[in-house]
Amino acid sequence: MHSLQLRVTVTVFATTVVVVLGLMLVVNYQVSENFSSYLYMSGMHGMMMNHGNMAAMMGAPERQFLISLRYSLAVAAGVMLLIGAVVSYYLARSIAAPVIDLNRAVNDVAAGNLDVAVAVDRQDEVGQLAAAFNAMTAKLKANTVLRQRFLAGVAHELRTPLTILKANLEGIADGVIVPDQEQIKSLTEEVDRLTKMVGELRDLSLLETGQLTPDYTEIDLHATLRQVIQKSAPLAAEKNLALSLKIDDSLPRIWADAGMLQQMVYNLLLNAIRYTPAGSVTVTAKGDGTAVTIEVIDTGIGIAADDIEHIFDYFYRVDPARTKQSGGTGLGLALVKQMALAHGGQVYATSTPGQGSTFTLKLPLRARQKRIVSP
Ligand code: ADP
């Protein structure tokens, strides 16, 4: 029996048959017994000798009564069995139908169609299973889209510098281009960009798979932030930006990976400087009993609401032309996000276009053992 519906129908109907037949046998037995007692009592004085032999005690009307009684019982049993058969069928259908739907949907997903969803119109376990299946398919689809976008991003990012390098090297080989210092510097920059991107991609994949975990040490946040600020100061000075650091006196010590912490703040700071034509960039840090919050606040170009939810994605750029000019790989914020998650923390941005952005990095004081992986 390979059909769930058939199996449930047969099981329920078989149970009904057993119950109805059992009931009939009991009723029949009881009626016979009681009728026999009745006949015995009513004919006691005349038929004492025949006690125990009901047939001998019965006249034609009694026999007719018993026959019609048994006939009625048989009709009742037939009607009950018929009702049982119909109820079994519909009960089986209501149990099996969602499972059959789910089965079909699972086969569709296995065949690569992720646009399937099953109807969730009940609250029981089957309904919960259907809802879980729908959530799983939606997540699978989102991950597939992300993977496709990621691969397209890698291909796109590699193609441009490789094309430039190839064209230049061919030109040099043909004698069309005479390599001077500037030429060599620009080619070296392309190679550096490629090397940086490959390194970032490697770190990202290791972070995502949990193979790169923070090496926790006790950090002096004052000193770390000051170092990052010093490192970025020349860039800010080049653009005449006021760069400042505001740290709470009561800032607690934090356990984190020193290198990752520096890189997270540096990436945020570099972006703030990069996307702020004029004004200021401020880094603040405060803490409570459980976490520290580092904010990088700029008065730059800001980010539109539609873009802000994507800026932590791989290779997402609000304005590809501007970022390419400034040498960004489009992976800086993705790295910050994965590093923050690896610490059990989080990073998010708020912004007003034309007025500036604030990037907030929240890290727990003590490392959590369990890593939270983002979608
Ligand atoms: P990139 O290397 O292109 O800077 P990121 O991942 O660091 O890549 O940033 C992704 C995008 O987010 C950038 O291309 C930019 O459009 C936007 N962005 C990041 N930081 C800021 C900021 N402080 N102000 C405005 N836009 C920003």
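## Views of a predicted model

**Figure 1. The whole chain and its elements.** The chain holds ten helices and seven strands. The model shown is predicted. Along its principal axes, the C-alpha trace spans about 135 × 60 × 35 Å.

Figure 2. Of the 375 residues, 34% count as buried. The accessible surface comes to about 22,000 Å², and carbon and sulfur atoms make up 60% of that surface. Among contacts in the chain with a separation of 6 or more, 70% are between residues 24 or more positions apart.

**Figure 3. Charged side chains.** The chain carries 32 positive side chains and 34 negative ones.

Figure 4. An unreviewed UniProt entry places the feature "transmembrane region" at residues 12-31 and at residues 71-92. In the model, residues 12-31 are 100% helix and 0% strand. The end C-alpha atoms of this span lie 28 Å apart. Residues 71-92 are likewise 100% helix and 0% strand, and their end C-alpha atoms lie 31 Å apart.

Figure 5. S88 is part of helix α3, which runs over residues 60-110. The UniProt entry places one of its transmembrane regions at residues 71-92. Is S88 buried or exposed? S88 has a relative accessibility of 0%, so it counts as buried; the cut-off for buried is under 20%. Leaving aside neighbours within four places in sequence, the contacts of S88 are T9, V12, F13 and T16.

Figure 6. I301 lies in a loop. The strand β5 (291-298) is at one end of this loop and the helix α8 (305-308) is at the other. The relative accessibility of I301 is 32%, so I301 counts as partly exposed; this class lies between the limits of 20% and 50%. Which distance separates the C-alpha atoms of I301 and S357? These two residues are 56 residues apart along the chain, and their C-alpha atoms are separated by 7.9 Å.

Methods. Residues are numbered from 1 along each chain as its sequence is written. This is a predicted model: local features need pLDDT of at least 70, side-chain atom pairs count only at pLDDT 80 or more; totals for chains, interfaces and linings use all residues. Side-chain values use heavy atoms; hydrogens and water are left out. UniProt positions are given in the numbering used here, feature names are shortened, and annotations may be inferred rather than shown by experiment. Helices (H or I, at least four residues) and strands (E, at least two) are DSSP runs, numbered from the N terminus. Buried means under 20% relative accessible area, exposed over 50%, partly exposed in between (1.4 Å probe, protein chains only). Contact means heavy atoms within 4.5 Å. Accessible areas come from the Shrake-Rupley method with a 1.4 Å probe; for residues, only the protein chains shown count as cover. Lys and Arg count as positive and Asp and Glu as negative; His and the chain ends are not counted. The place of a charge is taken as NZ of Lys, CZ of Arg, CG of Asp or CD of Glu.
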